[in-house]
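Please keep the sequence and the structure in view while reading.

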Amino acid sequence: MPGPEAEAGSKSAGDRSPELRLAMGLLQGLRDDLAHDVLAYRPLPPLGKDGPVIRRLPGRLGDGAVWIRHALVAFAAFIVLTAGYTVAASPYDGRSDIGALLLVAPVAAVLLTLVRPVAAFWLSLLTTPFVSVLVSGWEDWPWSVPCFVAHLTVLTVVAARTRPRTAAWMWLLTAAYGAFADALLHDNTYYGTNTPVMLTLSAMSLLVMTVSYVRREAREEVAVQQSVTAVERDRRTLLEERTTIARELHDVVAHHMSVVAIQAEAAPYRVENPPPELEQAFVTIRENAVAALTELRRVLGVVRAEDYEAPDAPQPTLADLDGLLRNVRDAGLEVGLAITGAVRELPQGVELSAYRIVQEALSNVLRHAPGASARVEVSYVLGGLGLRILNGPADRLSKPSPGSGHGLTGMRERVTMLKGEMTAGPADDGGYEVAAYLPVAKDEPA
């Protein structure tokens with residue numbers, strides 16, 4: 001058990017005032033942002049080639065444009081070097097050689113922002129008084145011209161690469177240094193100070209960088225949310241299509257189970273004096289068929305939507321294609337039908353899926369290719385059924401209607417359920433083609 005001293009310590013820690021906790025939080029934030037991993041290696045990455053401007057640039061120009069930020073930083077370093085050399089070259093009591101040598105510090109601070117941004121800030125801030133005194137004396141205080149340009153550039157670049165809290169800390173430290181240098185290291189009686197100018201320009205620059213950072217973070221978050229939403233929407237669409245297929249196939253399976261139950265009940269009466277074992281076998285078959293049919297209805301109740309209404313008519317088959325094409329022609333679509341091979345009765349699940357694929361493909365033509373003509377080809381081949389729905393290019397004067405985007409998903413799910421194959425894509429003439437093959441086993445009952 002903890003002793004009295006431990007309890008007193010925990011009590012005192014819990015009784016800290018809100019002001020003290022706020023101060024400790026601020027100091028912790030300063031440590032995390034500017035004191036922890038000062039030398040962390042964080043190279044500035046090039047811009048992406050998919051940007052709104054870079055992707056429009058041709059060839060090598062686009063390849064070089066991805067380094068535009070690095071080029072701007074290098075240009076700023078060149079400006080610092082030029083300004084510093086101009087000031088240091090002035091005859092100030094023999095300080096030219098030393099001043100020119102110390103110009104390496106602000107130039108290095110600017111270039112260091114490309115790889116170690118936090119270290120660049122500290123290098124610029126800590127070397128500023130030495131460079132200012134040895135390069136320009138007390139005339140430009142506390143920032144000489146090269147230090148002024150270098151520190152403003154460092155603040156801007158580092159703020160663009162870090163979060164807003166880090167930018168706030170850098171500005172506060174810059175203000176603290178300016179106040180300290182003006183109060184203790186400089187006599188304002190003879191020379192003025194450029195601290196207000198530095199703080200004003202840096203505040204404006206950091207504000208712009210902070211707003212840009214917030215907007216960039218917001219765009220990235222929106223992009224992530226849109227990606228997640230798109231994935232969830234596709235998943236929901238897939239589940240809805242599978243549910244629809246399950247509801248439609250329920251009628252087919254229920255019909256077969258009902259036939260099994262009826263035949264099992266009637267079979268003993270077709271045989272004179274059947275043995276008891278045979279009668280019991282048929283009774284068992286009928287009971288299992290009825291139980292399976294009951295469970296099938298329960299499953300359908302689980303996947304049925306609240307607004308689902310059971311169809312009055314039986315599920316369609318390929319024999320109903322003529323009626324489908326007639327309705328489509330009435331809607332304004334010119335469509336032809338070609339049937340090849342020996343027409344035969346296929347399993348009801350295959351015929352239902354084939355009908356729905358043709359129906360959805362023609363619906364897509366009506367929505368997305370208004371004014372185009374279409375052709376439906378049904379091929380009865382050995383081992384299965386082939387479907388091909390081809391439409392020509394849309395009329396340029398007609399406006400496509402927005403669709404739900406579920407059509408191809410539903411068709412692929414039906415083909416996958418039957419272990420078939422399907423392709424869908426643009427045709428050579430500018431239209432669109434959907435082709436599917438639905439296999440049928442030789443011993444599969446119709």
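Across which strands does helix H14 lie, and at about what angle does H14 run to E4? In this predicted model, H14 lies across E4 and strand E5 (432–439), and the angle that H14 makes with E4 is about 155°. Within helix H14, which spans residues 407–417, the buried residues are Gly407, Gly410, Met411, Glu413, Arg414 and Val415. Just after H14, lysine 419 adopts a positive phi of about 60°.

**The sheet**

E4 and E5 belong to an open sheet of 5 strands, which has mixed pairing and the order E1-E2-E3-E5-E4. The edges are taken by strand E1 (334–340) and strand E4 (421–426), each of which has a single partner strand, so that one side of each is left without a neighbour in the sheet. On average, and with direction ignored, neighbouring strands of this sheet are turned by 10° against each other.

Two of the pairings can be followed through individual residues. Strand E2 (residues 373–381) runs antiparallel to strand E3 (residues 384–391), and 8 bridges join them; here glutamate 377 stands opposite arginine 388 in E3. E4 and E5 likewise pair in the antiparallel sense, over 6 bridges, and alanine 424 has valine 434 in E5 as its bridge partner. The hairpin of E4 and E5 has 5 residues between the strands, and in this hairpin glycine 430 takes a positive phi near 95°.

Helix H12 (residues 321–330) also packs on the sheet, where H12 touches E1 and E2, and the direction of H12 makes about 160° with that of E1.

**Two helix pairs**

Two packed helices are described by the angle between their axes and the distance between the axes. The table gives these values for two pairs.

| Helix pair | Axes come within | Crossing angle |
|---|---|---|
| H6 (residues 104–112) and H8 (residues 145–161) | 9 Å | roughly 15° |
| H12 and H13 (residues 348–368) | 11 Å | roughly 10° |

What does the angle say about H12 and H13? Because angles under 35 degrees count as roughly parallel, and the axes of H12 and H13 cross at roughly 10°, H12 and H13 are roughly parallel to each other. On the H12 side the contact is made by Leu321, Leu324, Leu325 and Val328, and on the H13 side by Tyr355, Val358, Gln359, Leu362 and Leu366. Sorted by class, the contact of H12 with H13 comprises 8 nonpolar residues, 1 polar residue and no charged residues.

H6 and H8, whose axes cross at roughly 15°, are therefore also roughly parallel to each other, and the crossing of H6 and H8 is left-handed. The meeting residues are Pro106, Ala109 and Val110 in H6, together with Pro146, Ala150, Thr153 and Val154 in H8. The residues of this contact divide into 6 nonpolar, 1 polar and no charged.

Is threonine 153, a residue of the H6 and H8 contact, buried or exposed? Threonine 153, which lies in helix H8, has a relative accessibility of 17% and therefore counts as buried, since buried means under 20% relative accessible area. When residues up to four places away in sequence are not counted, threonine 153 touches Ala76 and Val110; Val110 is one of the H6 residues that meet H8.

How values were computed: Residues numbered from 1 in each chain as written. Predicted model: local features only at pLDDT ≥ 70, side-chain atom pairs only at ≥ 80, totals over all residues. Heavy atoms only, no water. Axes fitted to C-alpha atoms, helices over the stretch in contact; angles between N-to-C directions. Helix = DSSP H or I, 4+ residues; strand = E, 2+ residues; numbered from the N terminus. Parallel < 35°, antiparallel > 145°, perpendicular 65-115°, else oblique. Left-handed = near helix turned anticlockwise from the far one by under 90°. Contact = heavy atoms within 4.5 Å. Nonpolar A, V, L, I, M, F, W, Y, C, P; charged D, E, K, R; others polar. Buried < 20%, exposed > 50% of the residue type's maximum accessible area, 1.4 Å probe, protein only. Pairing = 2+ DSSP bridges.
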